[in-house]
Amino acid sequence: MNKINFLAIIFLITKIISPISVKAETLTLSQLINNKLIAEVGERVSKKALLRKCQKEFCKRYNLSLENSTTEVPLPRDAVAEQEKIWKKGYENYLGAIFSNQLMTSNTIKNKLQEIENDTGKKSAVIYLIPTNKQLEILLVTAKNNPINKSISVANKNTLFKVTKQFQAELSNPREVNTTSYLASAQQLYQWLIAPIEKDLKAQNIDTLVFCVGTGLRSVPLSALHDGQKFLIENYNISLIPAFSLIDTRYTDIRKSSVLAMGASQFKDFDPLPAVPIELSTIVENQGGERFLNDKFTLNNLRSQRKRQPYKIVHLATHGVFQPGTASNSYIQFWNNKLYLNQLRQLQLNVPTVDLLVLSACRTALGDRQAELGFSGLALQAGVKSAMGSLWSVNDAGTLALMTEFYMHLKTAPIKAEALRQAQIRMLKGQVQFKQGQLRSSGLRTEMPLPPELSELGDLNLSHPYYWAAFTMIGSPW
């Protein structure tokens, strides 16, 4: 059976989402009734039974279990601290550095989350996702209750990674933007990663999820997990951290902060980024600050501008590459040289500390352990409170749209992760589009004309997760 037809059956019949046009023969339920699969179970079968059959076929195809086997087990007193210790050591080994941060226990984290709630009004939860050969372990830490441990036996490493690879491949492929092929894996991952703790999150009115995850999950676009009705990002602010002990949890309000915006539109060894001049101009116009393009985009100039004015936000519109191997294999491309990940401290973004570093055009080797460490450890290695980057290389038009929306919401959202969430929601709901050579959004005072290179792309609907799910808040969401 054709995979796209099968997925369309699930989601059109249950009316979970508004369908994206896939093939002409899968557009209506009446047409689907004549499909071979439906003929097998009879036209009078209930929608619920038909959905069940479709789900069973998907699980059989990918050798998955349809049911969640979730067990709540007693939590050892030091389980959270032990996991913090393990992951802290992993980042130290990868980055070749020793971090003097105090190791946090579950009680320490609880107290910090309460302080953050007092400062921001946001109710946050730290979710540890720990893949093992036998099962997936979930540790949940909140400000109010004792930590919770859930074990999902069907989601062992092999099974879990089989689905995450499928999910990543379908979301990051620009040829799939007119399909809903990602939805089956998005829902399966939701059932394993979120559903076991969903009641606990709702009972405490949690609105911000801080994910601290193990190898194989650090490059999963968590915002695009789907509960059957909504994407995860529609319900929660989301960030990815290396370990709670390794982030700066102090809250600073940056809604009125200006930005140092730098980047390049032309490169010797990379594809051009024709939207960068507009991106930088729009950010500075809306947020305040200064912009520097192409030959002004140098390491020396960045340090010089920061000494002149201690910008809290630094935006770099350039290629960033997180590759397999050691930290010296991954880099950020400046105008005249590459700055490797193990050299990030040369930016001096910790003197004084930058609240937000944005890389608007980076990409990661999805699923590779070392590349994941580089991406999820970006804020840590740069010495900033938070960083924002993309897991895959989103096309220039999609990046321009998201960045424009993000900075618009950054002026009003109380925390950084909420600004990203609002931008992503507007895109997934089709409220940001390219029409007749212009970027159109109800948030823009006027329509934004595009350079010729982007106008040639024609009209674009940016609702598919390919355009927005790659962008991830790394480090403190606050």
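This is a predicted model: local features need pLDDT of at least 70, side-chain atom pairs count only at pLDDT 80 or more; totals for chains, interfaces and linings use all residues.
In terms of secondary structure, the chain holds 17 helices and 18 strands. If we take the contacts with a separation of 6 or more, 74% of them are between residues 24 or more positions apart.

Let me turn to one pair of helices, α10, which covers residues 276-287, and α14, which covers residues 396-410. Their axes come within 10 Å and cross at roughly 5°, and, since angles under 35 degrees count as roughly parallel, α10 and α14 are therefore described as roughly parallel to each other. On the α10 side, the residues that take part in the contact are V276, I278, E279, T282, I283 and Q287, and on the α14 side they meet D396, T399, L400, M403, T404, Y407 and L410. Sorted by class, this contact has 7 nonpolar, 4 polar and 2 charged residues.

My other example is helix α12, residues 369-376, which is mostly covered, with 6 of its 8 residues buried. Which residues of α12 are the buried ones? They are A371, E372, L373, G374, F375 and S376, so named because buried means under 20% relative accessible area. At the start of α12, a side-chain oxygen of D368 reaches to within 3.1 Å of the backbone nitrogen of Q370.

Key: Residues are numbered from 1 along each chain as its sequence is written. Side-chain values use heavy atoms; hydrogens and water are left out. Buried means under 20% relative accessible area, exposed over 50%, partly exposed in between (1.4 Å probe, protein chains only). Helices (H or I, at least four residues) and strands (E, at least two) are DSSP runs, numbered from the N terminus. A polar contact is a pair of N or O atoms within 3.5 Å; within protein, one must be able to donate a hydrogen and the other to accept it, and residues adjacent in sequence count only if both atoms are side-chain atoms. Axes are lines fitted to C-alpha atoms, for helices over the stretch in contact, and angles run from 0 to 180 degrees between N-to-C directions. Angles under 35 degrees count as roughly parallel, over 145 as roughly antiparallel, 65 to 115 as roughly perpendicular and the rest as oblique. Contact means heavy atoms within 4.5 Å. Ala, Val, Leu, Ile, Met, Phe, Trp, Tyr, Cys and Pro count as nonpolar, Asp, Glu, Lys and Arg as charged, and the others, Gly among them, as polar.
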